[in-house]
Amino acid sequence: MDDFKTSSVPREGSVRVTAAMVGARAGVSVATVSLVTSGKTAGRVSKENIAKVQEAVAELGYVVNGLGSSLAKGRSNIVILVAPDVSNPFFAKVIAGVKEVLGESFQLLLSVTEAGQTPAPQDVRKLLALRPAGLLVDAPSAHFLAELQMSDPMVLLDAAGITSAAPSINFDVAHGAHLLALHLEAQGHAAVAYLDSSTGTETFRVRREAFHRSAAQLGLKVVAQGSSMIDVGAAALAFTDSWSDWSHKGVSAVVCATDTHAYGVLQEARVAGLAVPKELAVTGFDDLPYSATSNPGLTTVHLPALEMGRLAGRELQKLMAGEAAQTVPKTLPATLVVRGSTAEPA
């Protein structure tokens with residue numbers, strides 16, 4: 001595929017530099033300029049002419065408009081990734097996996113908002129004017145997908161609980177939630193609180209309902225519930241506002257929908273003088289890099305984010321190449337990582 005480039009601007013003045021101008025400077029045809037700038041010179045352009053074109057490109061400051069040429073073919077070489085929050089290290093791993101697969105053939109364009117909220121469908125539709133080669137949607141909601149009405153190649157990531165014709169790469173978050181319930185019940189906890197995400201995406205509904213279901217089967221009571229955005233400060237505030245009530249209900253553990261929520265709880269537990277895990281156990285979900293080094297280390301559910309990005313990239317490649325979409329969602333395992341934030345209640 002042609003290199004991705006933007007319209008060129010000369011080093012002096014405001015006149016747009018064109019391939020014709022480069023050809024005139026180098027004394028070659030526009031076709032020769034195109035072959036050189038796209039790296040397709042083998043057996044077609046002499047070393048002398050390659051050098052002339054490269055010199056003219058450098059002198060004029062020419063940058064080939066690859067986006068324009070790819071749009072002329074009906075689509076760009078852009079892949080759009082819709083994600084709730086790229087500042088979260090979890091999504092950084094997903095992105096790394098996608099880029100590892102797509103390499104330099106496609107340019108990855110991120111569509112994100114602040115505070116862990118999924119971009120609005122109308123905002124993403126504006127980006128579709130770029131005619132992307134494909135779309136990746138991380139942690140979507142059913143409402144978002146219904147409003148988006150995407151017909152081009154699309155792959156969903158972490159879309160547990162979503163019914164869609166689009167291929168999806170999921171985590172077994174329900175099993176991860178079950179493992180958390182088993183762990184806390186085995187440690188002797190009887191009453192826990194659940195701190196949920198307020199984003200409204202299906203993955204968090206599946207986590208929450210799976211934990212409640214498993215807890216009920218094990219005799220572990222979820223006596224309180226709160227929610228906040230996926231933000232350390234917001235989670236800390238939610239815990240502070242709720243702890244007095246939760247403590248009166250006998251809560252000895254707080255189960256968090258994400259590690260980010262758990263960081264906020266750990267922060268405010270220290271402020272309140274609560275010993276973790278002796279007086280209060282805390283669990284997370286995602287296994288972010290910080291979770292192994294937090295104080296104490298965070299017990300959490302590990303989700304293989306890098307592998308999800310790789311699989312999503314491969315699946316999208318197939319769709320963009322015209323292959324039929326897979327009909328059965330691919331599911332990656334969730335595993336429990338026990339660290340120092342959980343112990344038997346005092």
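**Close-up 1. D158 in the loop between β4 and β5.** D158 lies in the loop that runs between β4 (154–157) and β5 (168–171). Strands here are DSSP runs of E with at least two residues, helices are runs of H or I with at least four residues, and both are numbered from the N terminus. The model is predicted, so local features need pLDDT of at least 70 and side-chain atom pairs count only at pLDDT 80 or more, while totals for chains, interfaces and linings use all residues. Residues are numbered from 1 along each chain as its sequence is written, and side-chain values use heavy atoms, with hydrogens and water left out. D158 is not a glycine, yet its phi is positive, at about 50 degrees. The residue D158 is buried, with a relative accessible area of 3% (buried means under 20% relative accessible area, exposed over 50%, partly exposed in between; 1.4 Å probe, protein chains only).

**Close-up 2. The cis peptide bond from V276 to P277.** Omega for this V276 to P277 bond is near 15 degrees. P277 sits in the loop between α11 (259–271) and β9 (281–283).

**Close-up 3. D287 in the loop between β9 and β10.** Although D287 is not a glycine, D287 has a positive phi of about 60 degrees. D287 is buried, and its relative accessible area is 13%.

**Close-up 4. The cis peptide bond joining N295 and P296.** Here, between N295 and P296, omega is about -5 degrees. P296 belongs to the loop between β9 and β10 (300–302). D287 is also found in the loop between β9 and β10.
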